[in-house]
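This report looks at how the parts of a model with several chains are arranged. The sequence and structure come first, and the description follows.

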Amino acid sequence: MAENVPVLIGLVLVAVAGTGAVLVRDPVRQSFVLSLLGLALAALFLLLQAPDVALSQLAVGSALTPLMVLLSVRKVRRKARSERREEHE
Amino acid sequence: MNGWTAAGTALLLCGVAPAACATATGPVSRRVPAQNLTTTLLSLVFLLLAQGFGRTAYVDTALVLSVLGPAGTLLYVRLLADRLAARPPRPRSLLATTALNYVAVPAVVVPLCFATGPGRALVKLLVIGGLLVLGSRTASRAVTAAVTAGHGLAGSAEGMSDG
Amino acid sequence: MSMRLRLWVLAAGVLGTATLFVLACAELPGFGGTWHPYGDRAVHAALARHTANTIASVNFDQRALDTLGEESILFGSVLGTLVLLRQTRDERRLPPEPARVAPPVRRYALIALPVTLLIGLYVVAHGQLSPGGGFQGGVVVATSLHLLYIAIDYRALERIRPVGLYEVADAAGEAGYLLIGAAALLTGAAFLTNFLPYGTFNTLSSGGTVPLLNAAIGVEVAAGIVVLLARFLDQAVEIVSGRDEAEDET
Amino acid sequence: MTVARMLPLIVATPLFGAAVLVGAGRRLPRAAAEVLGLLFAAGTAALALAASAALPSSTARPVEWVGGWRPHGGASVGIVLVGDRTGLGLATLVSLLVPAALAYAWRYFDEPPRRHAASFPALVLLFQAGMCGFALTGDLFNAFVFFELMGVVAYALTGYRVEEARAVQGGLVFGVVNSLGGYTTLLGIGLLYARTGELGLAQIGRALDARPGGPDALVIAAFVLVATGLLVKAAAVPFHFWLADAHAVAPTPVCMLLSGVMVELGVYGTARVYWTVFAGPGGIPAPDAHRALLALGALTAVLGAVMCWQQRHLKRLLAYSTVAHTGLFLIGLAVLTPEGIGGVALYVLAHAGVKAALFACVGVLLDRFGSVDEHELHGKGRELPWVAGMFGIGGLALAGLPPFGTALGKAVTEEAAGGWATALFVAVSAVTGGAVLRAGARVFLGLGSRPPGSPEETTGEGEEPETRRLLARIPDSMLLVPTVLLACALAVGLVPGLRTAVGGAADAFTDHAGYLAAVLDGRTTEPAPTPAPHWTTPGVVWGLLATVLAGVLALLAVQRPVRGEPVRWTVPLRRLHSGHVGDYVAWFLAGVTLLAALLV
Amino acid sequence: MSVLPYLCAGWLFLIGCYGLATSRNLIHAVGCLAVCQSATYVLLLAVGYRHGGTAPVFSDIAPGSRPVVDPVVQALTLTDIVIGATVTALLLSLVIQIAKRHRTVDPDELSELRG
């Protein structure tokens, strides 16, 4: 049983991070949780003896996906902001 | 399960998990430093696990994370500059986070160095340690700079918040 | 459909799917079992071909067609993003203002850039030996270039990033993979056969075509992700619609 | 070069073409890029045709282990491509339709993305590679990879006209639902791998057969999950919602491919996976599979037909008719006999031609008049007699007018299904064909009165033409392509050689043990021969009846005041098709549950 | 413990679906889709795990010296991760265009396609 404790902790972290990523509704905040999910998955993969997959997940999950999400939010917000100003005038 | 694995697991549970909690909650000004702390600690976990599993090949994951982690943090700082400026973090908590980084890195890397012995693996370890320290130092500086220079920096072209 | 009805349908669906999945899990072989016939065969095959990293052998030799499909997906999605995030007629580019970057951040990013680039290349080059490979290394290489955006600003990044060249590199990576695969046909073997000498186990040149395919993927991924992020950055930083621009100037 | 050696090239050629187009794209003028794209697509078609022609018999299964990883003792580490008549035939169909779509799109789009003139043909070539790979592969995970390839490219192609609000929304809905389907398939693959330790279709099938006795929860769950992804592609109810949203907004040449072959590939995938993996003693018992497919098929056919009749947006109308016909295909599969499969195969071939031709006609209307709304276009089509003729013939062929291939396929399928299925086939073809004829009568003949619009539904007004400006003269390529396609659909019904070939292919397709032996042991066995599909008197009569009914329905509809459309009692049904991605995901999970419940 | 990893995969998939169905922001929805996909990673790798095994990477250990986990599922997961990243990119670019054309990213306010 003791052998399984690290994997168990990894699973719990992944499940919690995944749940958090769904329940956090604001995309900027969600991007933080998504990057955490990426990190948790990488840790779990290493514990499951898959360093190749962990590397991929790190590369994609910790930098690429959050960056794309943040850039999209920025574009969308910029749009929304100018819309609102327009209505204001 | 040997001591290294146990130490790695313990750090995962008692170090990474709380840092992750801090990243997932609260204002952006707390999330960004906490995110950096999370990646630093996770790199250390990877190092400990690599030693525990007896696989030097696994060290590459820590190496990659030690450069991608700070890069991610700096991107957050860059893209969320105005939010950081709007609610700056307390200097004391920022200091504490950085200090935690500074303490944790040598606390893990030094024993690992002794366990590894001289060789290529040692150089790799030291590089990772150096990158982690440098990365966390820069991250905290970047947050401070974004806060102080904040309002000027967060012009309309760079802004993120809805104003 | 009202939110209420949707939630009812969802609840029924979740309940049914969960039941199905849990029942199936109960029948699965227990976690951590020792029976992995395909995996064991794959390890033997990898060793027979002098490839130290079995995962690389599975990806680039035994199941190389999967990787071809995967890279085509990446290629297609880069192309798709290129098309979807194009600058349309009602939009124009507004050069971003130069950003002021704190000196320590600039110093770090300028040091980290070559280090990250080297680490990325190392991960690509050792793909057939240690964990890593074209995809992982390629993403790291692409990320390293974007440190310039952090270190200086977007205009500096644009200067070292002629997107057109990266598009060509992206296509060259995809074409290279196909040509290496087709080269096997000339020797009379099947498509994507590992036809080169396998080399000495655990050296950089071992594994026959594995390092070549790996390198092709590395080029494609690095170039593809640069192009992909370029489109997102363009949208987020530069491109504005006619109306936005009027707003920004007021 | 043997047939087996050619199989990977059918996938590799379009991929290489895409790479060349992107690599050289910045320097190529638009015309050169389009010619190059057409050449690569046609080259692939030539390869596929040559491979089909070189097959020694219609029951042969040339097998190519990519990378040369031939099996030893039935076990291999490689991926296999299987070029049996059905898979190769579908790859040929895809490869022929792609050049047709590219030829139709000749100088079509308003402005190609700046300095990316080659991006549209390159995307279409990738789409072609994905579909051909999916048709040819004999490996479950590899099928997933090609499934995702065609998905990813299709999302991008659907949203190609980014200035169109509806196009990008349809593309996103399509992307989310199909990706979710792909992930369920992968979960199913994971379950099968855990049970059998294999990934090849034949290997999994053999491993499952090694433990006979009814299926346990794991096998059922694996089948449900794998089939869900494929049925999402096939747009079976209740996974069909994305289809109308995506097909109504995609550029017309893309619609031709989506409706003509991609949806059918979902049906093919379901059938292939069932027959190779789950048809043995360790798989899903035939009565259960029959029940599930029949129920889903009947539901899909009825719902598709009802929704089809209610549409005034011509592309949506055609999209729902695709849903209805997919339902009929599923009913044909549900028979689980070579006769059913053979009928469906002929039906799919002819349907691809007819549906693509109809979309092509609608595309002409869109580019000439800037609208695809039945009421808005009322009477405007009088100046386009050639298009009118083709649209009418297409409608009749859809309804099942002999000797079109649709009629033959339908006749063979309904005969195999028997009983009440015949009534359903006649009703559904009459309604979908009638809807097309009704629209044709209004648009091209100006029959009936011109109605005021109602804003509650998706009308076809306010659509942007896909060309630079409204076309004053329709280019010959846009008229030639649908004509050729309709002629092909007619040929499917008339060429006797095709019927015998399809008959043999269906025998081989439904031969579970034969497939396993051919792939894993390299042993060829002849399946038990069944009579090839052929015209029968009842089939012709039912086909004529459906056509007449379609005509009557159309005439009745145009003579009644349009205020009655859409029919009141269908309003709740129409409200379910909300365009809301959350609704679609909820229905998706409900569909998984439904499928599982039907199998237990 | 013997089924826990599989159940974790199922949980991730369903919670992701829940998020998709109730999302009020399309960018958030794309993130939820990524959560759904992580279920497939967890399932595949859990299926290939072997107690006491190590990665079948023989750059630093001798072949045959230790039991190894299944390399095939790892290769599959790698492919899957690439697919996930590319799908995310493509869907986010569609969301950006939706924001431009519809001036909202709330699915409840998108009402162009009905019936």
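## Contacts between chains

Chain B and chain D do not touch, and their nearest C-alpha atoms are 24 Å apart. Chain A and chain D do not touch either, with nearest C-alpha atoms 14 Å apart. Here two residues are in contact if their C-beta atoms, placed from the backbone, lie within 7 Å. Eight pairs of chains are in contact, and chains C and D share the most contacts.

Four residues of chain B contact five residues of chain E. On the chain B side there are two nonpolar residues, one polar and one charged. Ala, Val, Leu, Ile, Met, Phe, Trp, Tyr, Cys and Pro count as nonpolar, Asp, Glu, Lys and Arg as charged, and the others, Gly among them, as polar.

## Basis of the model

The model is predicted: local features need pLDDT of at least 70, side-chain atom pairs count only at pLDDT 80 or more, and totals for chains, interfaces and linings use all residues. Residues are numbered from 1 along each chain as its sequence is written, while chains are lettered from A and ligands numbered from 1 in the order in which they are written.

## Chain A

Chain A has three helices and zero strands. Helices (H or I, at least four residues) and strands (E, at least two) are DSSP runs, numbered from the N terminus. Of the 89 residues in chain A, 75% are buried, where buried means that 20 or more other C-beta atoms, placed from the backbone, lie within 10 Å of the residue's own.

Key
Buried ≥ 20, exposed ≤ 12 C-beta atoms within 10 Å, placed from the backbone.
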